[in-house]
Structures are given as C-alpha cells and as structure tokens.
Amino acid sequence: MLNEKLFFRSEDDTDFMPIIPINENDGDFDKDTVIPDTLPILPLRNTVLFPGVVLPITVGRDKSIKAVNEAYKQDKLVGVLAQKDANVEDPEPNDLCAIGTIAKIVKLIKMPDGGTTIIIQGKKRFELLSIVSEDPYFRASIRMLADDEVPKQEDFNAIVSSIKDLATQIIQLSPNLPTEASIILKNIENPSFLINFVSSNLNSDLSEKQGLLEIHDIHERAEKLIHILQRELQFAELKDKVTNKTRTEIDKQQRDYFLQQQLKSIKEELGGDTNEREIAEMKKKAEGKKWPETAKNLFKTGIEKLERMHPSTPDYSVVYNHLDLMLDLPWDEHTDDNYDLKNAKKVLDIDHYGMSKIKSRILEYLAVLKLKGDMKSPILCFLGPPGIGKTSLGRSIAHAIGRKYVRLSLGGMHDESEIRGHRKTYIGAMPGRILQNIRKCKSSNPVMILDEIDKIGNDFRGDPSSALLEVLDPEQNNSFYDNYLELEYDLSKVLFIATANNLQNIQPALRDRLEIIDLSGYAVEEKVEIAKRHLLPKQKEAHGLGKVTVKMNDKVIEKIIENYTRESGVRELDRQLASIMRYQAKELAIKNKIKTTLTAVDIEKILGQARYSNEIYKTANMPGVAVGLAWTYVGGDILFIETILGEGKGDLKLTGNLGNVMKESASTALSYLQANARKYGIDPEEFGKKSIHIHVPEGAVPKDGPSAGITMLTSLASAFTGRKVKPYLAMTGEITLRGQVLPVGGIKEKVLAAKRAGLKEIIVCSQNEKDVKEIEGDFIRGVQFHYVKSMQQVVDIALV
C-alpha cells in the first residue's frame with residue numbers, strides 16, 4: 001500500500017514512488033487513439049518518465065499548469081521531457097532533453113492551496129523535433145519512436161531474470177523501500193514494462209536514467225540496466241553493512257534506555273525513584289558541608305560516577321558507601337571545650353577519688369588550651385594495674401572538658417586494617433576503627449580511649465601497633481591516611497588516652513610517642529572512700545535497694561578489703577559489695593525487712609570465712625627467712641625468701657619458678673657474701689662444706705626481676721650467721737658485687753602491700769626516697785623507712 005503523501009510529489013522533487021498500473025499493457029495506446037503531431041510539453045526537473053509507469057506530479061509552474069489544463073480539456077495527452085539541468089527555474093527549449101515520453105493524464109486534482117496535482121501514465125517514447133510555441137506554454141512538434149520489440153533469444157530471458165533478482169536484493173537491503181515492491185517485481189511478466197519500471201526506480205542521477213530512456217534497442221537497454229543495478233547492489237550492501245554495525249550499537253543503547261525509562265515509570269508509580277532521591281539528598285547534604293578542597297573534589301567525582309551507574313551494578317554500593325562515609329565524617333565540626341578549670345576539677349573529684357597527679361595534668365592541659373586557644377592534643381597513656389579506673393577516668397575527662405567520648409578496645413587486635421581500613425575495592429571493605437568512631441561521635445575533637453594498648457597482637461595480617469604510629473604522633477596525625485577513605489583526615493584535635501597494664505609489652509617506637517602517666521594502686525584508706533562514695537551507691541541501685549538504707553562503717557569496709565580482696569584496684573571489692581547487696585535483696589524479698597547497719601559479724605556471715613590473712617607476716621621467723629616486696633601487674637605483693645643449709649660441697653640450688661634475672665640476683669648475693677664472709681662473722685670454709693637451697697614460696701607463680709637482691713642476701717646472711725631477721729620488716733632493692741644497693745620501681749605498690757600486710761619497717765634504696773615522699777602521708781602512717789646505700793647497712797638493720 002502506498003503512503004498518502006506519495007500522491008503529492010512536485011515536479012521538482014527528487015524522491016518518488018511510481019504507481020504500478022493494474023494492467024501491464026496499459027502503456028500501449030488503444031488502436032483508435034490518434035496522436036497529434038504537436039503536443040503540449042511538460043518539463044520535469046528531477047524525474048524521467050518511462051512508458052507504462054504511473055507518476056503523481058504536483059504542478060507548480062504557471063506554464064506547466066496551463067499546459068496540463070489545456071491537455072486535460074482535449075485528449076489528455078502531454079509530452080513529458082526531463083530538464084538537462086535541474087537547477088534551472090524557467091527552462092528554455094535548449095534546456096530540455098530531446099527524447100521523452102508521451103503521457104496520458106489519468107487524473108487531475110485541484111488542491112485547496114490553488115495548486116494542481118496530476119497522475120500521469122507513460123505511453124510511448126517520442127523525439128522532440130521543434131518547439132512550435134513557447135507561450136502560454138511549450139508546444140512542440142514530435143515524432144513517435146518505434147515500440148520496443150521483445151527479442152526471442154534465450155539470453156534475453158536470463159537478463160530479465162537477473163534484473164528481477166538484482167532489483168529484489170536491492171529492495172531487501174534498502175530500508176526505505178517497502179517489502180511489497182519485491183512481490184510486485186516477481187509478478188511482472190512483461191519484460192519491457194519490467195525494464196521501464198526498474199529503470200524508473202533507480203537510485204541514480206537524472207542523466208543515467210535519461211540515457212536508458214534514449215537507448216532504442218531493448219536488449220541493449222536491459223544490459224545497461226544490469227550494470228547499473230550491480231553497482232547499486234554493491235552500494236546497498238556496503239550501506240547495509242555500515243548501517244547494521246551502527247544500528248547494533250544504537251539498538252543496545254536504545255534498548256537500555258527504553259528499559260531504564262520503563263523502570264523509571266514503574267518506580268514513579270510506586271512512589272518515586274529511590275536512587276535518584278538518595279543522590280539528590282546526598283548533593284543537598286554536601287552543600288552545607290565544610291570540608292577540605294580535596295574532599296570536595298573527590299565527592300564531586302564520586303557523585304558524578306554514581307549518577308552514571310545503574311543501581312544493580314556491584315560498584316554502585318561501593319561508591320555509594322564511600323560517599324556516605326565522606327558525608328558522615330565531621331570534617332570541620334568540633335565541640336566547644338569547657339575552659340572552666342574549677343568546674344573541671346570539681347567533675348574529676350566527683351567521679352574519682354584521689355589520683356591527684358593525673359587530675360593536675362589534665363588541668364594543665366586545659367589551662368594551656370584556654371590561654372593559647374588551640375594546640376595539638378597530647379597522647380597520654382595511663383599505666384597501672386587493673387581495676388583502678390583508667391578507662392572510667394577517660395570518660396570523666398571528656399565530661400569535664402565538654403567533649404564527646406569514644407572508646408576503642410585494642411585488646412587482641414591483630415589486623416592492621418582495623419586501624420587503617422581496607423581498600424574499598426575489597427568485598428566487605430570498611431574504614432578503620434579510628435574513623436568509624438569519629439563518624440559515630442560526630443565530632444573531630446573527641447576524647448578517644450585506646451584501651452589495653454599493651455595487649456595488641458600481630459600475625460600475617462600485619463602489626464596494628466605499627467599502624468598506630470601515625471595515629472599517635474602529634475606531628476603526623478594531622479594528615480592520617482585511611483585506606484578506605486582514600487583521603488587524609490586531621491586527627492590532631494583528638495585527645496587520645498591510651499591505657500596499659502605493662503609498659504614492657506608496648507612496642508618501643510609506639511612507647512616513645514606516649515606521655516606515660518603512672519597510676520599506682522590504691523591504699524586501704526582510698527579504697528574505703530571509693531567504696532563509700534561510688535561502689536556502695538552503685539551496687540545498691542543495681543540490686544533494687546536504692547531507696548533502702550544500708551550502712552557500713554569504715555572498719556567494716558576495711559575488713560572486707562583486707563580479708564576478702566588482694567588487689568591494687570577495686571574490682572574484687574566491687575564484686576564483694578555486690579554479693580552483700582544480693583544477700584540484702586534476698587532478705588528484703590523474703591522477710592520484707594533487712595538489717596540497715598551491717599557489722600563485721602554480718603559480713604563474715606554473708607561472705608564466709610576470711611580468704612586472706614596477714615597473720616603469717618607477723619609471726620617470728622626462723623633464721624634464713626626474709627620478707628621481700630614484689631611488683632605484679634595487679635599491684636604490689638609480699639613474698640618470702642627462704643634459705644636452708646645442708647651438708648654438701650657448696651652447690652647452690654634455686655626453686656620457686658624463678659626467672660633468669662632473679663637467679664642471677666641469688667648468685668650475686670652469694671658471691672658478695674663469700675667475698676665478705678669475715679666482715680659478717682662467717683667462716684669462709686663454711687661455703688665449701690654446705691649445700692645452699694634458696695626457695696621462694698608459691699612456686700606456681702612465675703617470679704623475676706632484680707628487686708629481690710637485698711632480700712636474698714639478707715636471707716643468706718641470716719642462714720649462715722644463725723641470726724633471725726627482724727620481725728615486721730620488709731625490703732626491696734637491687735644489689736651489686738661491690739655491695740651497693742640500687743633503686744627499683746613500683747615503690748608505691750610495694751609499700752602499700754607492706755602496709756596491708758601489717759609490716760612496720762621497710763628497707764629501700766636511698767635513691768627511692770623521692771618515690772616514698774610521693775605517697776600520701778596518711779596512707780603510710782605507722783611505717784618506718786630505712787634508706788640504705790650499701791649491703792652492710794641492710795644486714796645491720798635486718799638481722800637481730
């Protein structure tokens with residue numbers, strides 16, 4: 001079926017679609033038709049009319065309209081000639097071709113706009129002899145050309161068949177031609193009409209079509225047509241190849257676009273596109289964000305990438321999560337520090353009893369911050385035994401200065417990525433714990449507790465303590481690089497507080513970056529105050545006794561501390577008070593009443609018999625037994641050193657699970673005593689006749705360190721001289737072969753342990769006097785200190 005607009009072709013138009021007559025022989029005149037010698041001439045600008053072919057033409061020129069109207073009134077015959085030059089608007093006789101086609105006007109239609117459309121059918125070829133008149137239209141004298149006679153040769157049939165095949169292939173390769181045209185071609189039986197029809201539809205220039213029309217021999221015309229068709233076929237194949245290649249790419253894009261539009265429509269029906277809303281929200285959130293230029297540019301790049309991505313692609317969530325982290329991080333958001341030093345001191349005192357040294361250090365930091373306005377935060381490390389409140393002290397500091405508080409537990413951490421983050425290309429990648437906590441607290445200057453920094457592990461996944469080197473260096477952490485964020489982040493405003501029990505387990509390079517603040521164990525008096533102010537109210541509340549009166553005087557609390565706990569901190573004391581409150585809760589639930597004031601008898605009834613006793617330290621010892629002081633990670637402790645002599649050859653035996661340093665201290669003490677035997681009233685030959693056995697009880701507990709040196713020498717001297725060691729006496733100090741006494745650490749813990757045990761006198765190195773003076777006087781009241789420089793002084797004081 002023909003498209004309607006094909007009926008309104010201008011004689012100037014280049015594209016046309018000939019109409020096929022129902023009868024192929026309609027191109028021939030009826031026998032009665034008389035063709036005059038002169039005919040009106042209709043010039044066509046871009047078209048060549050072939051016999052038998054029907055064309056719709058829109059006539060626009062005045063001369064052409066007059067010629068058509070005149071012809072239609074008479075015999076409806078008109079001579080159709082092609083112009084030599086299509087660009088000539090008003091052709092002269094010389095501008096017209098000599099050979100044309102006599103056409104019959106099948107239909108003349110007057111258009112609403114004043115124009116005229118005619119449907120003409122080619123009948124016979126003619127030759128222009130001369131132009132008879134030019135006004136009001138061309139009228140020419142013509143000569144009819146002989147009809148095409150179809151040859152009888154076999155090769156002509158083959159040529160006709162080839163024309164059909166070539167034309168069919170061209171139609172199939174040409175998207176602009178309807179597929180019905182190939183069906184029409186197959187059904188054309190008249191060879192002459194077939195040649196004319198195909199020639200009329202050629203996609204070639206005007207001169208080539210005119211050349212075909214001017215060939216008198218139909219066989220020759222058919223051969224020329226085959227050459228043109230072969231060329232046209234090659235061109236059509238090449239064009240189809242290029243078009244298909246381009247179409248494949250465009251089709252995929254169009255298909256994706258079509259599906260995207262469908263998906264978009266569905267989402268709009270369901271309430272809008274979630275992803276578009278998310279991206280829009282991200283952009284809006286980013287507008288009010290204060291961040292560095294590098295972060296701004298990275299976010300812009302990421303959001304542009306996200307907009308180009310389909311939400312179902314795996315990388316979409318990776319890019320989205322990365323941008324979400326960037327938006328959540330408080331790049332330039334800080335809480336205002338509270339510079340009221342009196343209020344800060346008050347808060348610290350309320351939250352923690354004692355700890356004057358650390359409180360003083362925090363107030364110093366605040367004072368500098370107040371005066372300077374800004375400073376790089378120091379990296380503090382609270383070092384001390386468990387249970388003394390290192391972690392809770394960090395929370396109090398945050399409360400005192402008005403900062404956010406976050407806690408990062410490092411105990412058992414053995415993956416470097418926990419600190420620095422993973423590369424975001426990994427499946428399940430996350431930022432490091434440092435940035436995660438910064439993101440969580442929504443502040444760039446929180447107080448961050450790095451808990452148990454001495455218990456970091458390391459394995460094939462890396463060494464987290466090495467990754468902390470950058471975090472805990474005030475000169476470097478203003479540009480901390482996280483692998484997931486892929487940007488530098490400023491940590492210089494963060495107040496890092498590390499906690500540790502044992503300094504020796506911290507990597508040396510990391511230890512160098514920390515400002516170590518020693519937190520000693522509590523004295524009994526401090527524990528009593530802590531129990532009254534903090535632990536007892538907390539346990540009452542925890543056990544539903546908040547509104548019930550439960551009292552214990554200081555003596556009762558002291559009994560609990562001495563008889564049921566053995567620690568530097570207050571965790572065990574907290575557990576014992578919890579046991580008492582549970583008992584009280586049970587009594588209240590059963591009897592609806594409880595005893596409000598608890599006595600020592602009540603405590604023994606609730607907690608059972610005393611677990612620890614100091615009586616063993618108060619009894620008179622036999623010769624060879626001396627009391628030493630030791631430091632452990634849970635605080636100070638008392639230990640006995642026993643020496644016994646037997647018949648032998650001077651060999652030395654050491655037991656009690658001793659470390660190398662402690663064994664060497666025993667050898668040093670024995671060597672010194674042998675060298676100075678006469679000074680202490682010992683027969684030198686005795687050393688060769690006796691076997692010496694030194695034992696430190698509690699063999700299951702490993703013991704090491706040099707601080708038992710003077711205790712071992714005192715024990716050896718007591719055994720060889722037969723003189724007892726003075727009762728209620730303890731000692732600590734390192735010795736040398738020259739008889740000097742050297743200072744040791746952990747003095748406060750050791751002294752408090754001696755006080756707890758009821759010992760009255762303590763021997764320490766004179767250089768440790770400064771450490772003793774740091775201990776509050778009330779905690780060591782009643783204890784006498786002997787400050788010594790040599791072993792001679794130790795023996796003189798210790799042996800009765």
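The model is predicted, so local features need pLDDT of at least 70 and side-chain atom pairs count only at pLDDT 80 or more, while totals for chains, interfaces and linings use all residues. Residues are numbered from 1 along each chain as its sequence is written, and side-chain values use heavy atoms, with hydrogens and water left out.

**Salt bridges**

- The structure holds 34 salt bridges, each being a side-chain nitrogen of Lys or Arg within 4 Å of a carboxyl oxygen of Asp or Glu.
- One of them joins the side chains of R403 and D337, at 2.7 Å from N to O.
- That pair links distant parts of the chain, 66 residues apart: R403 sits in the loop between α12 (390-401) and β8 (405-409), and D337 in the loop between α9 (314-328) and α10 (341-351).
- Helices here are DSSP runs of H or I with at least four residues, strands are runs of E with at least two, and both are numbered from the N terminus.
- R403 is buried at 10% relative accessibility, and D337 is buried at 14%.
- For these labels, buried means under 20% relative accessible area, exposed over 50%, and partly exposed in between (1.4 Å probe, protein chains only).
- The side chains of D574 and K538 also meet in a salt bridge, at 3.0 Å from N to O.
- Because D574 lies in helix α19 (residues 571-591) and K538 in helix α17 (residues 524-542), this pair ties together parts that are 36 residues apart in sequence.
- D574 is buried, with a relative accessible area of 14%, whereas K538 is partly exposed at 45%.
- Within helix α19, E572 and R575 are three residues apart, about one turn of the helix, and their side chains form a salt bridge of 3.1 Å, N to O.
- A network of salt bridges links K285, D324, D328, R439 and K442.

**Cysteines**

- The structure holds zero disulfides, counted as pairs of cysteine sulfur atoms within 2.5 Å.
- C381 is buried, with a relative accessible area of 0%, and C441 is buried at 8%.

**A closer look at S718**

- S718 belongs to helix α24 (residues 709-721) and is buried, with a relative accessible area of 0%.
- A polar atom of the S718 side chain lies 2.5 Å from the backbone oxygen of R723.
- Leaving aside neighbours within four places in sequence, S718 is in contact (heavy atoms within 4.5 Å) with P623, G624, V625, R723, K724, V725 and L799.

Terms used
Polar contact = N/O pair within 3.5 Å; in protein donor to acceptor, adjacent residues only side chain to side chain.
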